[in-house]
Amino acid sequence: MSESAGDGKLELKQASKEAKESENVAEKYSAMTVSKNSDVNMGDLSSAFSAVTTHKSVKKQIQFVEDKQEFSRFPTKAGRRSLSRSISQSSTDSYSSDSSDDETSPRDKAQVNSKGTGDFCVKNIKQAEFGRREIEIAEQDMSALISLRKRAQGEKPLAGAKIVGCTHITAQTAVLIETLVALGAQCRWTACNIYSTQNEVAAALSEMGVAVFAWKGESEDDFWWCIDRCVNMEGWQPNMILDDGGDLTHWVYKKYPSVFKKIRGIVEESVTGVHRLYQLSKAGKLCVPAMNVNDSVTKQKFDNLYCCRESILDGLKRTTDVMFGGKQVVVCGYGEVGKGCCAALKALGAIVYITEIDPICALQACMDGFRVVKLNEVIRQVDVIITCTGNKNVVTRDQLDRMKNGCIVCNMGHSNTEIDVASLRTPELTWERVRSQVDHVIWPDGKRVVLLAEGRLLNLSCSTVPTFVLSITATTQALALIELYNAPEGRYKQDVYLLPKKMDEYVASLHLPTFDAHLTELSDEQAKYLGLNKNGPFKPNYYRY
């Protein structure tokens, strides 16, 4: 035994003995009952206080000795740094971030799944097993879509359908894709956002046999390459399009006009994509029927409103750790997305301003207790700016120049055009990546603006969204595809249509059992009085929910 080790044991033994003696005195002190009428021996009291003080110092001494003996068990300086880094990474990065050192582009990799098929391009096919677990977890909260899958699986209403899709690739959309396959469709898929893809889910779909071309962190060139690989497949021609944002539809229309003319139907779920479809229709260039899912009630009132009400805070908290109480926030746009964001921010004590072009939405904002302003009126004082308009250049370079230091700027609309990010890529400004999807843009005077997801959709780029709400949207999309694919010739012309009201109600009814909700039924007399069918639809198409 070494001399230092022996000294340590003697110190510890002596300290323990002193501690025991001081504890006896301390117990004697604590047992004293000092009342208003009792006499107190001040000498005893003084001794007790001294003993307690001694006890504390002895405890510290014991702790110090133990620390000296335990210190050698801690990692070295390099080891501690490595441990700290791994803990930090695990708390902020998802499995799909693929923390391996392999920075090779998926386009340069030759990968095959267990069946020997290589018709896909994902980050790492080896992540498929983990992705499968993610999908199975999502299925548990998407019971309505699973119910639709079971009900229609025997009929195969999408048999012969060749669907090319461009959506966010997450565990929830994977449940939709696998439902379409179960209903008879062949699918090829790509991502509508370069940051929202869950790599492990893309791998799981590729392992199952779906041709997926997507990975998290694509470049702009990768994005269009993936879309082209989905469409341009020898011996395979799509006859249905499921789009989110209109990029896929635009690509097929521009680059493959002969393929576009043979499409039997387009289903679009975003404001941006629907706007593009109406532009094509107005110009007389839309040669196929299209379904506007974005303006269906089940999409507007649930995905846009309730989903954003929850996911806006998740995205901001994960990326910035900001506290909202007392913060001044501008929300640009008071549509359904804006309403959801404002409700969440107000609930946490933020001071919320609204910018609006529509007098009706502006009046709604005023009645909900928000002040409607022009962005330039408050640009120098606000702490957070959130865009959700579907427009372009909502936040300009001039406004970015006038923001205060530390202002957070993000987008909750589909497209990345709302914030003029391109104007920030100039020599005089410095970009500093501080964590995943968080950039500090630094001005020459040292001012920093915190830009999230490079101006792309915040919630799906930086966090996740509630699975249950996505079940509602996915079920709506599936029914829209079934309706367009199976509609008799002549029912839908070369125009943009809303989802039939009956289908909206059916989607809602499939989700009610989750809440053990029980609908009241109309009597024959009541139905006759209202002029309704007892089984619906219960509202006219012009009704505003």
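This is a predicted model: local features need pLDDT of at least 70, side-chain atom pairs count only at pLDDT 80 or more; totals for chains, interfaces and linings use all residues.
**The chain overall**

- The chain has 545 residues, and 48% of them are buried.
- Of the contacts between residues at least 6 apart in sequence, 70% join residues at least 24 apart.
- The accessible surface of the chain is about 28200 Å², and carbon and sulfur atoms account for 52% of that surface.

**How α4 and α7 are arranged**

- Two packed helices are described by the angle between their axes and by the distance between those axes.
- Helix α4 covers residues 128-140 and helix α7 covers residues 199-208; their axes come within 7 Å and cross at roughly 100 degrees.
- Because angles of 65 to 115 degrees count as roughly perpendicular, α4 is roughly perpendicular to α7.

**Val 507**

- Val 507 is part of helix α19, which spans residues 501-511.
- The relative accessibility of Val 507 is 0%, so this residue counts as buried.
- Apart from neighbours within four places in sequence, the residues in contact with Val 507 are Thr 298, Ile 472, Thr 475, Thr 476 and Leu 479.
- Ser 471 is 36 residues away from Val 507 along the chain, and the C-alpha atoms of the two are separated by 9.5 Å.

- Most residues other than glycine have a negative phi, and most peptide bonds are trans.
- Asp 321 is not a glycine, yet it has a positive phi of about 60 degrees.
- Asp 321 sits in the loop between α12 (297-320) and β7 (328-332), and its relative accessible area of 52% makes it exposed.
- Ala 453 also is not a glycine and has a positive phi, of about 55 degrees.
- The loop that holds Ala 453 runs between β14 (448-452) and α17 (458-462); Ala 453 counts as buried, at 0% relative accessibility.
- Gly 536 and Pro 537 are joined by a cis peptide bond, with omega about 0 degrees.
- Pro 537 belongs to the segment after α20 (524-530).

Definitions and conventions. Residues are numbered from 1 along each chain as its sequence is written. Side-chain values use heavy atoms; hydrogens and water are left out. Axes are lines fitted to C-alpha atoms, for helices over the stretch in contact, and angles run from 0 to 180 degrees between N-to-C directions. Helices (H or I, at least four residues) and strands (E, at least two) are DSSP runs, numbered from the N terminus. Angles under 35 degrees count as roughly parallel, over 145 as roughly antiparallel, 65 to 115 as roughly perpendicular and the rest as oblique. Buried means under 20% relative accessible area, exposed over 50%, partly exposed in between (1.4 Å probe, protein chains only). Contact means heavy atoms within 4.5 Å. Accessible areas come from the Shrake-Rupley method with a 1.4 Å probe; for residues, only the protein chains shown count as cover.
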